[in-house]
Structures are given as structure tokens and as C-alpha cells.
Amino acid sequence: MKILRKIFPLFLISSLFTGLLSACGDDKNEDVPETKKNRTVLIFMCAENNLGTNFFISDSTEIVKGAAKLPDNVNLIVYADRSSKAVKPFIAKVEKDGMHIVKQYKEDWYSTDKDAMSEIINWTFSKYPADSYAMTFWGHGNGWIMVPDYNTTNSYTKANARRKAYGYDTGKDNPDGGDGNDKYINIPDLAEVLSKTQHLDYIFFDCCQMMCAELAYELRNVCDYVIGSPAEIPGYGAPYNYVVSDFFLPKDNVGKSIVDDYINHSNLSAYGGLPLSVVKTSNMENLLHATQSAIDTVMVHYQYPNNIPLYDVIYYGKNNFSYKQPIYYDLRNVMRKYLSKGDFEKWEDTFKQAVVYSVRPADIRETSLPDWMSNELSEPNFKNFKMNDENYGGLSMFIPQTYYSNVSSKYLNPNVSIKAFQWNKAIDWTKFGWE
């Protein structure tokens, strides 16, 4: 999430939150499973960063308000790692009267570490068994882009050029000070963690730029639906006092309900809206095959070093380490622009089976609103595309370009780093001369 929101009065929110959080339970019974419920939902709040005060407190308050509407046969659980030396990471059960800590960790750690994340998720699902499980990831995200660790300077090596995805744990509260780097968990590692726990009905990413084909394909075997935005998410995130009740709907209805409540109950209308979409992961394999065939058709005309022109295609962000060039291109917009009418209609049938619901923001040329909340608004390229029903799809995808290679390290070159993802291994841009 980008910090693109109004500031809440910290003193007021802090006092409200303090009253919502309490400790309960007996350490001897900490690991004893509770009675099986219909669904357990874990909200994973990685907040040891610049979201860890105002936004964490306001969203936690909303979560508790939303829980007041829940039936008794469900479990709503929160894991939180705050930006606070005084408050260590904890797991809390959310009930109608507040958050009750059920597991308090004695030391801080990197919540984005694979082993730490596995311990948290598996403990939660073992302690709170259910007929089905789901997760919400709250915090920062950056899709699949590879960037150097924050505190590195010019040592852009494979070891410190991480594929960002979810988290952004500063480690500043760790007892040993961490290793001086900001930690994310990348998409392949996240898929590995989730493959070793209960299968999930859905994952809701309340963080930036996570609705990309690369991520949805990587997670196709660990969850049935992926919900989120291909673009930047405002710092205040989802209206949890509304969407919490959506978490426990039949799984086929959850995505649309979250998207609609996100749009209708946030102040997004003041900013033109927000791109949001829902992917049914069981259809990502078919979408990959259809896209492979389409790419083969299109790229025969754009062998390296000839770039496929994308100047007027919807994009959802830029890569600061590749001369700030646009990236995260809308997959449907690319296919509509370069496929024949017949080929596009055939491809789109498959696309709609995978992207089962999407909502687009208003177009800047249709209204007086500035598209959607984005750091890209001042970028010239952001004015070139048309955000309309003809072009918008709500799922981004990487397309290689020669200018991505003009960076100081090949490990930061998206044309190279994208190879870590199964989707792009299957597309195989090397067939067209791309490195």
C-alpha cells in the first residue's frame, strides 16, 4: 500500500485501539485446538513499517467493528507485527467485544521470513480448525518487481536484489537490529509457504499491485480465488467494518462482495475509484495457454530488439530501477490492441473465465476526477491510455522492453528477473530473441 490517505488523529485512535485489545487464555492451553467452525480467516498484518501506527490502528478498529456482525460459527484471527518495541508480535482472536490475544511472541522477528510465516499460519489453522480457510494479507506490496534491499548502495548482486511481493518488514524492532535490510517475501516463496498449510478458499491482498498474471498463476494451487488490485492501494486500505462480513460468505461470492464494498464504502469516489478484480485460479492454466498462443501470434512481428509499442496501453506502475519506465501493463488491453478481432474474442472468452469480476476506475477524460489514487498522475505516460470498458481487464502482465536492460545490474533488469516466475517460463520470451 502507498501512503496516499488522510491522516487520522493519532491520540484518538490510539486510545480507541487500546480498549479493543486484551490478553486472554491459559498458556497451558495455547496449542489445544478449539471446536471446529465453518471457516477460519487469518488477517496477516505486517505493520512493522510506515503503516504500523495510524493505518494499523484505524484498520484494527474497523476489523473489530466488522466482527460485531459475524455469526458464532466462524473464526476471525489477526496476526500483527507492529512498528513498536513495546508491543511484540501477537496472534489475536477477534470477537464482538474486541481483539483478544491468544498467542504472544516474546521476541520480534521478520514476519516475512518463510519459517516465521509458516509457523504463524500453521499454528493458527491448527488452533482454529474449520471446514474451510482463507487469508487476507494487509500491508505493502509490489507485485513481482525485483529491487535491491533498501540499505544496499551499489552492490546490486543476486543476493540482495530481492523480488518484492508482500510485507516490507523493517526489522528495526528486532532485538539484534535485524540485518539492516527491509524484508519482503517474494511470490515463489509465498507460494511455497502456502503450499504447506491448509488449502485456502481465497486470498485477499489489501496491498499494492498484487493482481498480476505472474502472481495469480504462481498461487493457482494454494487457493481458489485471488482478490485485489493491479494498481496502488490507498494507505487506509479496505473498509474492514464492511468487508469483514464478506470474508465468511460462500467462497464463490466473496470476491465480488469484497470488491463492491471496497468501492462503495471507501472515499475512493473522491479520487476516481480504484481498479479491483477477482481471479478464479483453476482457470489460470487455460488463460496461460491462450496467452501463449496469442503472444506467439503477436511477437512474431516484434523480435528483439524491436519493442512492441505500449505507449497507449493501460499500466499500473513504473519500475524506478529501470529509468522509471512504465510496467504492470493491463493484459487485456495488450491483447485487444494487437490481436485480430476474431483472435481477441476467442482469447477473451478464456480471460473472462479466469478474471471473473473486475471494476475499473473512472477515465480522466470522462470525468473531472484524476483517474485513481496513484503516484503516477504526474507522469506523462499516464495520460496516454484510455481507462474504459473496451481496454480495461484488471490483471497486469510483464512485457519485455529494451529500455529495461539499461540498468547497472542484470539482477535488476526485469527482462531477466521475470524468469523466476512459472508464467513467464511458459511464455518463454527467449523464443523471440529476448534475453
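Q: Where in this predicted model is the place of Asp 428?
A: The structure is a predicted model. Asp 428 has a positive phi of about 60° although it is not a glycine. Most residues other than glycine have a negative phi. The place of Asp 428 is in the segment after helix H12 (422-427).

Q: Is Asp 428 buried, partly exposed or exposed?
A: Buried means under 20% relative accessible area and exposed means over 50%, with partly exposed in between. Asp 428 has 27% relative accessibility, so it counts as partly exposed.

Q: In which strand is the place of Tyr 328?
A: Tyr 328 is not a glycine, yet it has a positive phi of about 55°. Tyr 328 is buried, with a relative accessible area of 1%. Its place is in strand S16.

Q: What is the order of the strands in the open sheet of 3 strands?
A: The pairing in this sheet is antiparallel. The edge strands, each pairing on one side only, are S15 (315-319) and S18 (396-397). The order is S15-S16-S18.

Q: How many aromatic pairs does the count come to?
A: Rings of Phe, Tyr and Trp pair if their centres lie within 6.5 Å. By this rule the count of aromatic pairs comes to 28.

Q: What is the angle between the planes of Phe 125 and Tyr 133?
A: Phe 125 and Tyr 133 are both buried. They form an aromatic pair with 4.7 Å centre to centre. The pair is tilted, and the angle between the planes is 50°.

Q: How many residues apart are Tyr 302 and Tyr 338?
A: Tyr 302 and Tyr 338 form an edge-to-face aromatic pair, 5.8 Å centre to centre with 80° between the planes. The pair links distant parts of the chain, with Tyr 302 in the loop between helix H8 (284-299) and S15, and Tyr 338 in helix H9. They are 36 residues apart.

Q: What is the omega of the cis peptide bond that joins Tyr 304 and Pro 305?
A: Most peptide bonds are trans. Pro 305 lies in the loop between H8 and S15. The bond joining Tyr 304 and Pro 305 is cis, with an omega of about 5°.

Q: Which residue in S11 is the bridge partner of Tyr 166?
A: Tyr 166 belongs to one aromatic cluster with Phe 44, Tyr 79, Tyr 105, Trp 109, Phe 137 and Phe 205. In S10, Tyr 166 is the bridge partner of Gly 141. S10 is also joined by 2 bridges to strand S11 (residues 183-185), and these strands run antiparallel. In S11, the bridge partner of Tyr 166 is Ile 185.

Q: How many contacts beyond four places in sequence does the model have for residues 4-16?
A: The chain averages a pLDDT of 85, and 82% of the residues score at least 70. Over residues 4-16 pLDDT stays under 50. Where pLDDT is low, the predicted coordinates should not be read in detail. For residues 4-16, the number of such contacts in the model is 22.

Terms used. Residues are numbered from 1 along each chain as its sequence is written. This is a predicted model: local features need pLDDT of at least 70, side-chain atom pairs count only at pLDDT 80 or more; totals for chains, interfaces and linings use all residues. Side-chain values use heavy atoms; hydrogens and water are left out. Two strands pair if DSSP finds at least two bridges between them. Helices (H or I, at least four residues) and strands (E, at least two) are DSSP runs, numbered from the N terminus. Rings of Phe, Tyr and Trp (its six-membered ring) pair if their centres lie within 6.5 Å; planes under 30 degrees apart count as stacked, over 60 as edge-to-face and the rest as tilted. Buried means under 20% relative accessible area, exposed over 50%, partly exposed in between (1.4 Å probe, protein chains only). pLDDT is the predictor's confidence in each residue, from 0 to 100. Contact means heavy atoms within 4.5 Å.
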